[in-house]
Structures are given as structure tokens and as C-alpha cells.
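Visitor: Hi, could you walk me through this one?
Guide: Happy to, here it comes.

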Amino acid sequence: MFSDKANKIFQEVIEKYHEINTVDQPFKNPYDENDQLLEHLLYRKCWIDTVQWHYEDIIRDPQIDPVSALKLKRQIDTSNQDRTDMVEYIDSYFLDKFKDVVAKDNATINTESPAWGIDRLSILALKIYHMDEEANREDASQKHKMACQAKLDILLEQRVDLSTAINQLLTDIENGDKYMKVYKQMKMYNDEELNPVLRNKK
């Protein structure tokens, strides 16, 4: 099933990142864009999410230097745009994959596209990895470990449910029971023509 593949790649990404565990490490995609496009996109998507997860940790340091914080905020903005772009690339993959499917007369649209469900699955993989770390952290109290284990159990259940829902959505689209209709995010804050602050600086 698709979600099994996605979850495996997400775990691969997160473990690879934590071998060095720094946001500045070089990125190398082990999946060839021409031969394994979907795997290539999933790996890149989760890498962006993983780096941004750690950006978000760093910027919450109450002692962070303001200049460094501003630079990091810009990096987070760029990462957010990259994340959105990757979601749209993944949806484009599925639009092409299902382009010849004829939707049934009673076909319905889903509340989110497949790639936005995959986006949540990638973030969930990061939550599970780090909650597992907390549940097993040697210097943590027993109370902390038990609380984190309870949260981890819920996250693991959520991954099963979300994985099942994504698989079902893809099956429904393939069978014509649902149809894909993708709206671009049309983010405004990075656009010099749409953000009034940037426009006034031109």
C-alpha cells in the first residue's frame, strides 16, 4: 500500500538526518528523480519537514540572539515555501497518475488533496520519532516518560488511521469514486506584488 512506502521513506529520512543532527548538513536524495520520482518527492518532502522541525526548536531558545533569530525566521519562511511547493509537486504526480480515470457521475471531492494528507503523515512521523525519544530519555523522570508514552500511543494510532485514510482516498480516486481538484496555495506574503510591505519597498 502507498502509505507503507511513504512511512518507510519518512523513517529513513528522519534517521538519516539524526546521524549528524544539524540543520546545516548537506542534503542528498538517494532516490533518482527519473527512475523513482514518487520516492524522490517523498524523501525531499520529509527532509524539508525534518529540517524545519529543528529550525522551530532553535528559534524558541529564549536566549537566542535577535540577529540570529531574524535570519532563522527568514529560513523558516523559505522552508515553508519549499514545503508548499513539494506538496504541489506530489499532487501533480497524482494528477498525472490518475489523468485517464473517468470519475463516476456520483463521484465526490475530498476535503484535502492526497499530498496534503501526505504532508500531515510526514509531520506525524516526526512527532512519533521525537515523542519516542522523550518516552525513553534516560535523564527524564518516570512521570515524564509515562506521559510521553501515553502521547506516543495516541500518535501511533493516529498514524494507522491517517495511513488508512490516505490509502482509501487514492483507491477511491483510482476507482472514480472521488476526483482530484487541486487548488494552488497562492501564498501572498512572499510575493512582491501581493504583500504591501514588500511592494512599498520596491
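Guide: A word on terms to begin with: helices (H or I, at least four residues) and strands (E, at least two) are DSSP runs, numbered from the N terminus. This is a predicted model, where local features need pLDDT of at least 70, side-chain atom pairs count only at pLDDT 80 or more, and totals for chains, interfaces and linings use all residues. Residues are numbered from 1 along each chain as its sequence is written, and side-chain values use heavy atoms, with hydrogens and water left out.

Visitor: Let's zoom out. How many helices and strands are there in the protein chain?
Guide: The protein chain has 6 helices and 2 strands. Their order from the N terminus is α-α-α-β-α-α-β-α. Its C-alpha atoms fill a box of roughly 60 × 55 × 30 Å along the principal axes.

Visitor: How much of the chain is made up of buried residues?
Guide: Of the 202 residues in the protein chain, 39% are buried. As for contacts between residues at least 6 apart in sequence, 72% join residues at least 24 apart.

Visitor: What about the largest nonpolar core, how many residues?
Guide: That core has 45 residues. The term covers buried Ala, Val, Leu, Ile, Met, Phe, Trp, Tyr and Cys residues joined through side-chain atoms within 4.5 Å. Residues with the most contacts inside the core include Phe2, Leu42, Phe94 and Ile118. Helix 1, helix 2, helix 3 (66-97), helix 4 and helix 5 (142-175) each supply at least two core residues, and helix 4 gives the most, with 11.

Visitor: Which residues does Ile118 touch?
Guide: Not counting residues up to four places away in sequence, Ile118 touches Phe2, Phe10, Leu42, Ile90, Phe94 and Ile166.

Visitor: Switching to rings: how many aromatic pairs?
Guide: Rings of Phe, Tyr and Trp (its six-membered ring) pair if their centres lie within 6.5 Å; planes under 30 degrees apart count as stacked, over 60 as edge-to-face and the rest as tilted. By this rule there are 7 aromatic pairs. One of them joins Phe27 and Tyr43, with centres 6.0 Å apart and planes at 40°, so that pair is tilted.

Visitor: Where do Phe27 and Tyr43 lie?
Guide: Phe27 lies in the loop between helix 1 (2-20) and helix 2 (37-59), while Tyr43 lies in helix 2, so the pair ties together parts 16 residues apart in sequence. Phe27 is partly exposed at 31% relative accessibility, whereas Tyr43 is buried at 3%.

Technical notes:
Buried means under 20% relative accessible area, exposed over 50%, partly exposed in between (1.4 Å probe, protein chains only). Contact means heavy atoms within 4.5 Å.
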